Amino acid sequence: MADEEAGGAERMEVSTELPQTPQLLASWWDQQVDFYTTFLHHLAQLVPEIYSAEMDPDLEKQEESIQMSIFTPLEWYLFGEDPDICLEKLKHSGAFQLCGKVFKSGETTYSCRDCAIDPTCVLCMDCFQNSVHKNHRYKMHTSTGGGFCDCGDTEAWKTGPFCISHEPGRAGTTKESLRCPLNEEVIAQARKIFPSVIKYIVEMTIWEEEKELPPELQRREKNERYYCVLFNDEHHSYDHVIYSLQRALDCELAEAQLHTTAIDKEGRRAVKAGAFAACQEAKEDIKSHSENVSQHPLHVEVLHSEVMAHQKFALRLGSWMNKIMSYSSARKILHELIFSSFFMEMEYKKFFAMEFVKYYKQLQKEYISDDHDRSISVTALSVQMFTVPTLARHLIEEQNVISVITETLLEVLPEYLDRNNKFNFQGYSQDKLGRVYAVICDLKYILISKPTVWTERLRMQFLEGFRSFLKILTCMQGMEEIRRQVGQHIEVDPDWEAAIAIQMQLKNILLMFQEWCACDEELLLVAYKECHKAVMRCSTSFISSSKTVVQLWGHTLETKSYKVSEDLVSIHLPLSRTLAGLHVRLSRLGAVSRLHEFVPFEDFQVEVLVEYPLRCLVLVAQVVAEMWRRNGLSLISQVFYYQDVKCREEMYDKDIIMLQIGASLMDPNRFLLLVLQRYELADAFNKTISTKDQDLIKQYNTLIEEMLQVLIYIVGERYVPGVGNVTKEEVTMREIIHLLCIEPMPHSAIAKNLPENENNETGLENVINKVATFKKPGVSGHGVYELKDESLKDFNMYFYHYSKTQHSKAEHMQKKRRKQENKDEALPPPPPPEFCPAFSKVVNLLNCDIMMYILRTIFERAIDTDSNLWTEGMLQMAFHILALGLLEEKQQLEKAPEEEVTFDFYHKASRLGSSAMNAQNIQMLLEKLKGIPQLEGQKDMITWILQMFDTVKRLREKSCLIVATTSGSESIKNDEIIHDKEKAERKRKAEAARLHRQKIMAQMSALQKNFIETHKLMYDSTSEMSGKEDSIMEEESAPAVSDYSRIALGPKRGPTVTEKEVLTCILCQEEQEVKIENNAMVLSACVQKSTALTQHRGKPIELSGETLDPLFMDPDLAYGTYTGSCGHVMHAVCWQKYFEAVQLSSQQRIHVDLFDLESGEYLCPLCKSLCNTVIPIIPLQPQRINSENAEALAQLLTLAQWIQTVLARISGYNMKHAKGENPPIPVLVDQGMGDSTFEFHSILSFGIQPSIKYSNSIKEMVILFATTIYRIGLKVPPDETDPRVPMMTWSTCAFTVQAIENLLGDEGKPLFGALQNRQHNGLKALMQFAIAQKITCPQVLIQKHLIRLLSVVLPNLKSEDTPCLLSIDLFHVLVGAVLAFPSLYWDDTVDLQPSSISSSYNHLYLFHLITMAHMLQILLTIDTDLPLAQVQEESEEARSASSFLAEVSQYTNGCIGCGIPGWYLWVSLKNGITPYLRCAALFFHYLLGVTPPDELLTNPAEGEYSALCSYLSLPTNLFLLFQEYWDTVRPLLQRWCADPALLNCLKQKSTIVRYPRKRNSLIELPDDYSCLLNQASHFRCPRSADDERKHPVLCLFCGAILCSQNICCQEIVNGEEVGACIFHALHCGAGVCIFLKIRECRVVLVEGKARGCAYPAPYLDEYGETDPGLKRGNPLHLSRERYRKLHLVWQQHCIIEEIARSQETNQMLFGFNWQLL
Ligand SMILES: [Zn+2]
Ligand SMILES: [Zn+2]
Ligand SMILES: [Zn+2]
Ligand SMILES: [Zn+2]
Ligand SMILES: [Zn+2]
Ligand SMILES: [Zn+2]
Ligand SMILES: [Zn+2]
C-alpha cells in the first residue's frame, strides 16, 4: 500500500500500440503506476471481443486468446520470468505444513472426535490416512463442496495437527525452505496484482446493472448487442423450463433441452441474442409462458453483451487463480500470495476476516435476498474464520462480531415482525428463511470455542454482543401467541415449523451463550441482570393486569387473573429460559447470594419469572386433556417439539428449572396455590365437584395427573448440574439408563434420543459402558446395549424425559422383570441426588400444607366409592410424591441429628387431616387403599410406602434414644409375616411357571427329534418296498434290509427307495397322492440365467439365443440356466386358477411392475418368492434288479460289446433314415465291424419294458415347464416344438446340479443330508421331469441329439460338429446322454424303454466312458504350479498316473508335460475330478433313487472320495478304468489327443479351464470402509471429463467400478436406455448383479432391466450397525459373516427372490428408476 504515492504521473494511453508478447506486455505493465486501472483498460479492450460469440462460442479459440493475451502476461508480470520455469521451481521447493486441499462435492472428509476443536475441522483422505487420527474415534462425511483440509492448522486440532506429509521439518525440508523461498519482488508483485484481480472478480460477479459496465470497463463505442438470459431458480422444474422455452422461443425440443441443462449446470444461459427490443420481447414471452405453468415467472434478464462477457471472464479468471494453486507443493508460497492464502497464514486470514466482518451485513443481506447456492457463496467462508479460536476472539474484541451478526439478523428478520415487535413467520418462504439460518450458524461458529483468557475488552464486547442477542430473543419471547379455539375448529393450521426450526437452530447457541457468561462470576452476574431486565420488559402486560384471590386450606394467594384456556399464550420463551439457564450457572458457581447486588430483591419478582413457563406447562397439560383439539395439528406438533430431544434443553427443561427456581424462592404454599390456579384446578380441590359430565371429569383427571407429574419433576428432577449435585456424565448416564429401561437399544437409537451439543456429541461413549453391556449382532439385525443389572435401581418411573408411551413401556418392562425375578412390583423412586444449596428449599413443597391437602384429597376420593375424580395413574403419582417425601426425610435423618432435621414429612403425613368425625391421616388412608381389590396392582407400592413410614419413624425414634415400642416392632413383624406370605405365594407361582416352561421345552425337543427321525427315513427306509411295479425281466422278492446295495450304477445297482408321496396343495389345502396317472401336482419354480459358476466373468452374452446351439456346454460354464424352487406344492389346476386370477386383478388396477405377468411371473402364494413357472411332480419309477442275474450278464455285455450294440443301433437307425428326406447328421466312421450285422433289434436283447404312460395333465405341465426353460435359457419367444427344447432341459438339469454341488462344497457341507428341503424337492422334481420330458417330443429328434452327444465318447462315431474334448463340459454330456439314451429303444412301431438291468449297464458304461474323457481333460490341463501336499510317491495310483501320462504324451506328440511326478498327477486328478463325481452322485441319486452310502450323508471330508467311487461303481484308483477297458479306449484316446482343435486349445493357456474349476466368490473387500471411499475418490468416469459429482458403484462380482445414474454412461439395449450398472449386470451376471454404492455404503441387488432393491451393506460400525448413506459417519468395518451371507444369497440364486420380497414389503422403492442405475 505504501508504494501507491511513489512514481510519476505519466500514463500511457491504453488504446495505443499494445506490446505484442506476454513478456513485453508484462514489462509494460510494470512501468505503469496504477496496475488496477491499466489492467481494467486491458480487459475492457479484450474481453468483449474474446467473448463475442455467446450463443455458439468456439471454446478452444476463446481459451487460446485468453491464455495468450491475459493469463500468460499476468503470470510473467507476477514472477518476473517465464512462468513455466518458475512454477516448476516452486514445485520442488519443499513440503508445506498446511494441506488446504479444497473439497469437491462428494469427496469424503474425516473429522476426529477426540482431537478436532470442533466438527468443522476436517481432513482430506490422504492426510487422514497418514495421521494419528486414523486410530482415534473419527467420523466420515461426504463434503458438499467448498471446504478445505485443515491438516497442519494447529488451531484446529487438540493433538496431531499434522499428517506425516505435512509435518514440519520432515525429511528434506529445512526450516528455511519452509519459509517462503520466493524473493521479495515476487511478493511485492503479488501484492499489486492479486487485489486488483480479486476486486475485478468480485465486482463483476456482483454487478447488477444490466446495460452498463463500470466506467473503467466501458469502451468508447458501445455496441448494440444484447442477450436474453435465463437464470436458474428454485421454483421451476426441468420440464417447466423446457416447456416455457419451447413456447417462447418457438424452438425444437433438443434446443430447449440444451439450454435447460446449461442453466442447471451454470446457473444461467443466454437463450437469445439480438437488439435490445428483440431480447426484451423474448424475455416477456418466457415470463408469461412460465407463469402459465407455475405461479412464479422464470427469472429472465436482458443483459448487454459486454456485461455478459465480463461476467463470464471473471469466472474464468477465478479458475485461473485456482490453477495457480493446484501446483500442490508450490501451494504454500502461492497461498501466501493469493486469495485463499488469507486462510493459510494467520495474519492474512485475520486481515481477510476483518474485511469480511466489515462487509458482513451487506454480504449476508444480499445472500439472503438472492437465491444463490450456499456452498459457493462467499458467506460460506465464515466457518473457516469464525471457528478459529484466536481469530474469533480477535473479531469479538476488535470488531464486535457478535453484535455484527446479531444486528444482521435483526435487520433481515424485520419482515417477520408483527405489530408487537414479535416475530411471526406466517406464510414465510422456506428457502429464504433457510438462508437466514446461515447467519444463525455463524453465531454458533463464533461461539464454538470458549475463550480461556478474558481481557477486559473481550468481556465488554461479549456483553455488548449478548445484549444485542437479547434483542433477538426479545422478539421471540412470546411470539406466535395462540388462543384456545372453542366452538369451531380453526380454519387453517398456522405455520409453526419456522419458529420451531429457529428454536432448534438456536438451542446450542443459547447454551453456548450461557456457558460463555458462566466463565466468571462477575460476567455472569452482569449478564443475569441484563437478561432479567429483558424478561421484565416483556412482562409488563402481565404486571398490569387485574387480580384474583385463591384460597385453600387456610392459605391465600392474590394473583393475576389469567387463564391459559381463555387468554393468549405462547410456547416461545427464550428470554425466560435463558434466565433460568443463567440462574442454574449462578448456582453452580455458588454466587446466587450475590444476586441482589445486581438485581435488588424488590425488582426480582419471582412470581413474574415463573408465570410464563408455568403457562407453557399448563398449555401442554390442556393439550393432553384435549381442551385444544379445535386448534388443529399444528399445536400438537409444537407441543411435541417442545419436549422433544431436539428442543427440550432450551424449552421444556428450562421451564421445569424456572419452576424449581420459583419453588426455591417462594413460600411453598403460595407456590402450590399459584400452580393450582394456573392449572385451573383450584376449584377441583376446593369443593366436592359433583358433576356427572364424564368428559369434564376426564378432563379434570388428566389435568390433575399432568399437574402432579410436574410437581414430581419440580421436586424430584435434580439431574442438572447447578440444580443438583451431579456431573454431566451422571446426567448422560441417567438418560441412557432410562432409555434402556424401556428395552435394549442399538447405539444409534440411544444417540438419537440424547441431546447433541454444539460439536454434535452426546457424550454417550464416555459413559455407556458403565451402565450397559454390548451385545453383538448376528448375521442380521444390529448390536444392542443391554442395561447392567446394577443400574436398574436407578429407574425412575416418572423420568421427565419419558413420553407417555415410553413411560408405560418402561413401567411394563420393569414390572415384568421384577416379576420374573420373584420380586415385588413396587417401583418407588430411586433416592434423588441432593439439591444444590440454591435449590435446597424446593423440597419444602413436599411437606407443606397444600401438598398434604392435595395428597389426602386424592386418597380420600379413591376410597370414596361415589367419587370419579381420581384415577389409578393419579394415585401412582401421589404414591410417588409420598415416597419422595419419605426418602427426603430419611436421607436427612441419616445425615444429621434428628433435632436439626426440620423436614417433617412423617409428622405432617401422620397428622389427622381435618376435624371431621371420620378424619384420617395418610397412613390410615393407605391401609384402606390396600384393601381395595381394584387396586391390587398398587399393593406392593403401598406396602413399600408403609414400610418407609416405619423406617422414618424408627430413625426419628432411634435418634431420640427412645426404644422402639413393642407394638411398633410387632407391627413390623406382622408386616414381615404378611410380606413373607406374599413372597411364598409368588415363589409358588413362579415355580409353576417354570415347570410349565420345562414341559413345553420337552415337548418341543421331542418334536424336533421326531422330525430328524422322519427325515432319516428318507435314506434309511427299511422294510417297505413296493414291489408291484417290478420290471418284466426281474421278478424276485425284495432282498433283506441289510443287503441293500448302495451302488447306483451297473450290475450291483441297489434298489430304488420310494415312498408313497401324499402332498398337500398350498392353495386348496387338499391332499393328493402323487401318481403318474393322476392329475399333476406342481412345484412353484423360478428359472433364471446364471453366471454363478463362470470361469470367464464378463464373457459377452448373446442378447438373443435365436441361433445358439445349447447341446454342448462350454467348460467355462459362463452362462447356465438354473432352476430353483421354493418347494411349495400346488395342484396344477389350482395353480392355473391362481395365475389367471392374478392376471385378472392386474388388468383391473394399475399394476406396478412387481412382476412381469407376460413372462409368466407370479409370486408363490405361500412364501412370496418370485416364480416364473412350475415343475410337475412325477413319482420315481421304482427299479430293482437281481444282482446275480445282472452280474452274469456282465460276461456277455462287456464295454466293447455294449459299444458295438449301440453303434449297430445307430447304424440301423441311419440305414432306416437314410432313405428319408433328411439324411442324418452323424456318420459312423470306420466301423471296423464289417457289414452291419447288427441292427435295430440287437439293442433289445438285454431287456426292455413298456414305456410309462403319464396322465395328460402331467404331460401338459411337462411341456409348459420345458418351454419355460427353453424360453428363459435362450432368451427367445416360447416355441414348444423347437428342437432345442430337450437340450435346454438337460442343460438346466446339469447346471442346477453343478450349482448346488458347488454351493454345498463352498459351505463345507456333506453332499446329501445337508440339502435344504427346497433344494431336495426341487432336484427330485427336476430329474423326474427330465425323464418324462423326452416323451413329449419326437423320439427321432432326441436320437439325433443323442448321437451328437455320443460322438464325443464313442470310438468310430464322429460327426462334423463334434467339438474338441477341451471345449465342452462333460457333466453336461453325461446328463444329456443318460437322459436321451432310452430313445435308442424307441421305434416307430413299438414304444419301449430299457429294462432296469439294461439301464444299469447303459448308465455304467456311459458314465465310465465320460469319466475317462474327463480324466483326460483334467490331466491335459493340469496346473503344474500348485503347492500340493506330497503324498507317497510309490502309491499304486501315482504309478498308474505316471504310466498313463506317458502314454498320453505320446499321442499328443509331447504336447503335454511329462516329467510331472506321479503323486502330483494323482493328487491333481483326485482334486480335479471330485466335483464331477459329486455332481454325478447327486444326479444319479435323484434320477434313480438309490440310497447313497452313509459317508456322503455326514462328514464331507473323511471317506468322501471312496464313498463316491463306491456309489458310482468306480475303482478308487481311477486309472484302472483305462487298464480295464484299454483295448476299447486306446483308439478313443488317440482320437481325442490327435484332434488339432484340442492341441490348439492347449496352446491358449490363458483361456484354458482347469479342474477343479475355481469357486466364485464376491470380490475381496477391504476391512476398513474408508479404503473403499478412497478408491471411489480416485474414480473418474471413463466417458466424461468434467468434475461433476459421480455415483461410483462397485460390482461385487467382478470389482468393476461404474459410473452410475449418469447420462454419460448410459447404453442402449434393445432400443432402451439403461444405466451403466444395468448394462454391466447384463454381461457380468446375466442380468442379475450385486453392487455396492460406494459413497452411500449401500448394497443394491438388481435383476433384469427394471427390478432392484437395497440390501444392508456388509459394513458395520463398532456398535454392530450399518450406516446407509453414511449419515452417522462412524468408522465402518467389514463384517465377514454378513459378506458371507451376501455371497450365499448369490450362490443360492436368491437375488431375484430377495428383490421380489423386498418389493413386496417395501413399496416405497418403486419410485426408483432401476433401469437407469
Ligand atoms: Zn489434506
Ligand atoms: Zn496433511
Ligand atoms: Zn484424533
Ligand atoms: Zn389345490
Ligand atoms: Zn413358496
Ligand atoms: Zn461385474
Ligand atoms: Zn459416466
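Why is helix H30 (residues 668-678) largely enclosed by the rest of the structure? In this predicted model, 10 of the 11 residues of H30 are buried, so the helix is largely enclosed. The buried residues are Pro-668, Asn-669, Phe-671, Leu-672, Leu-673, Leu-674, Val-675, Leu-676, Gln-677 and Arg-678. Just after the helix, Glu-680 has a positive phi of about 55°.

The zinc ion (ligand 3) is held by Cys-112 (SG), Cys-115 (SG), His-133 (ND1) and His-136 (ND1), at 1.9 to 2.3 Å. The angles among these 4 donor atoms run from 99 to 119°, and the site is tetrahedral. Along the chain, the donor residues follow the spacing C-x2-C-x17-H-x2-H. Cys-115 sits in the loop between strand S1 (108-112) and helix H5 (125-129), while His-136 sits in the loop between H5 and strand S2 (138-142), so this pair ties together parts that are 21 residues apart in sequence. Cys-115 is buried, with a relative accessible area of 2%, whereas His-136 is partly exposed, with a relative accessible area of 26%.

The zinc ion (ligand 4) is coordinated by Cys-1065 (SG), Cys-1068 (SG), His-1131 (ND1) and Cys-1134 (SG), with distances of 2.0 to 2.4 Å. The arrangement around the zinc ion (ligand 4) is tetrahedral because its 4 donor atoms subtend angles of 93 to 120°. For tetrahedral sites with four donors, the ideal angle at the metal is 109.5 degrees. The spacing of the donor residues of the zinc ion (ligand 4) in sequence is C-x2-C-x62-H-x2-C.

Definitions and conventions. Residues numbered from 1 in each chain as written. Chains lettered and ligands numbered in written order. Predicted model: local features only at pLDDT ≥ 70, side-chain atom pairs only at ≥ 80, totals over all residues. Heavy atoms only, no water. Donors = N, O, S within 2.8 Å, 3.2 Å for Na, K, Ca; no water. Tetrahedral: all angles 85-135°; square planar, octahedral: opposite > 155°, others 65-115°. Buried < 20%, exposed > 50% of the residue type's maximum accessible area, 1.4 Å probe, protein only. Helix = DSSP H or I, 4+ residues; strand = E, 2+ residues; numbered from the N terminus.
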